[in-house]
Amino acid sequence: MNRQAQAVVLFLVGGAVLRAGSTDLYLRYVKAGLRPLLLAAGAVLIVAAVATVWYEIRRPRGEQHDAHEDSHGPDHDHGPDHGHGHNHGHGHAHRESWISWLLVLPLFALILVAPPALGSYSAVRTGTALQAPWGFPTLPSGDPLKLSVDDYAGRAAFDHGRSLKGRKVTITGFIALDRSGAPYLTRMILSCCAADAQPIKVGLTGRTPPGQPDTWLEITGTYSGRRTKDPVNNGVIPFIDVSRATPVPAPRDQYESPE
């Protein structure tokens with residue numbers, strides 16, 4: 001692949017990254033806090049592509065010809081072998097050039113197709129990622145108290161609900177059903193990107209909703225001292241005593257970051 005073609009690929013990659021970073025598409029790949037870095041990376045790739053084209057345009061024609069000759073490799077032989085060596089090298093170079101353009105195909109997938117966020121299928125096959133937090137900041141006043149699934153689960157499991165007792169809380173997530181059909185309110189959390197996404201699961205008692213897998217619900221309830229173990233990795237799964245369950249649209253950012 002010559003430098004002009006490399007510049008095109010760089011430009012397409014940079015454009016795809018900028019498009020993802022300037023819309024909500026990037027939330028399907030990385031956590032929200034990485035948006036500035038994503039935009040910066042896309043801009044750098046586009047600048048590199050433009051600089052490559054500018055360098056090629058400004059280069060003396062003789063150097064461009066030499067670079068073209070070098071791109072054919074050692075098989076490009078002009079020697080007296082009745083053209084067989086030349087044709088072999090020329091065909092080999094063209095074949096490699098076409099194969100290298102296959103690198104562009106994933107870019108069109110990124111530009112044209114937005115992958116769905118990970119949901120119940122991944123959640124029930126992955127153990128809970130709930131870990132004891134460094135501490136438990138004081139909660140604001142007011143009822144109901146809106147918490148992330150990760151924050152509620154951490155307080156319920158490791159603080160024994162001390163900061164939650166006597167409070168109504170609201171958490172939002174999607175339904176995942178275990179092998180027995182028991183529902184968990186679940187949220188996938190990201191440390192960096194979707195490749196490391198893991199679920200946080202909260203069991204439901206009380207007025208348990210009849211939601212189907214991947215149904216998004218806003219749950220209002222109170223702390224429950226009940227706990228169970230995740231059958232996948234034996235991690236702790238706390239519960240919430242449900243008083244109301246309301247179907248809601250999937251949020252703009254379907255992932256959470258660790259508290």
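Buried residues account for 37% of the 259 residues in the protein. The model discussed here is predicted. The protein has 7 helices and 7 strands, and from the N terminus on these elements run α-α-α-α-α-α-β-α-β-β-β-β-β-β.

Q: Why is the pair of Phe174 and Trp216 called edge-to-face?
A: The structure holds 1 aromatic pair. The ring centres of Phe174 and Trp216 are 5.5 Å apart, and a pair requires centres within 6.5 Å. The planes stand at 65 degrees, and an angle over 60 counts as edge-to-face; the pair is therefore edge-to-face.

Q: What makes this a pair that links distant parts of the chain?
A: Phe174 belongs to strand β2 (residues 168-177) and Trp216 to strand β5 (residues 216-229), and the two are 42 residues apart. Phe174 and Trp216 are buried.

Q: Why does Thr170 count as buried?
A: The relative accessibility of Thr170 is 7%, and buried means under 20%; Thr170 therefore counts as buried. This residue has its place in strand β2. Not counting residues up to four places away in sequence, Thr170 touches Pro144, Leu145, Lys146, Leu147, Glu218, Ile219 and Thr220.

Q: What makes the approach of the Thr170 and Thr220 side chains a polar contact?
A: The contact between these two side chains is at 3.3 Å, and the cut-off for a pair of N or O atoms is within 3.5 Å.

Q: Why is Arg35 called partly exposed?
A: Arg35 has a relative accessibility of 24%, whereas buried requires under 20% and exposed requires over 50%. Arg35 therefore counts as partly exposed. Arg35 is placed in helix α2; among the residues that Arg35 touches are Tyr26 and Arg252.

Q: Asp214 and Asn234 each lie in a loop; why is Asp214 classed as partly exposed and Asn234 as exposed?
A: Asp214 has 40% relative accessibility, a value between the limits of 20% and 50%, so Asp214 counts as partly exposed. Asn234 has a relative accessible area of 56%, and exposed means over 50%; Asn234 is therefore exposed. Asp214 is in the loop between β4 (198-206) and β5, and Asn234 is in the loop between β5 and β6 (236-247). Asp214 has a positive phi of about 75 degrees although it is not a glycine, and phi of Asn234 is near 65 degrees, also positive in a residue other than glycine.

Q: How do you know that the span of helix α1 is close to the one expected?
A: Helix α1 (residues 3-22) has 20 residues and reaches 28 Å from its first C-alpha to its last, against an expected 28 Å at 1.5 Å a residue. Its buried residues include Val9, Gly14 and Val17. Helix α2 (residues 35-58), with 24 residues, reaches 35 Å, close to its expected 34 Å; Gly42, Ile46, Ala49 and Glu56 are the buried residues of α2.

Terms used. Residues numbered from 1 in each chain as written. Predicted model: local features only at pLDDT ≥ 70, side-chain atom pairs only at ≥ 80, totals over all residues. Heavy atoms only, no water. Phe/Tyr/Trp six-rings, centres within 6.5 Å; stacked < 30°, edge-to-face > 60°. Helix = DSSP H or I, 4+ residues; strand = E, 2+ residues; numbered from the N terminus. Buried < 20%, exposed > 50% of the residue type's maximum accessible area, 1.4 Å probe, protein only. Expected span 1.5 Å × (residues − 1). Polar contact = N/O pair within 3.5 Å; in protein donor to acceptor, adjacent residues only side chain to side chain. Contact = heavy atoms within 4.5 Å.
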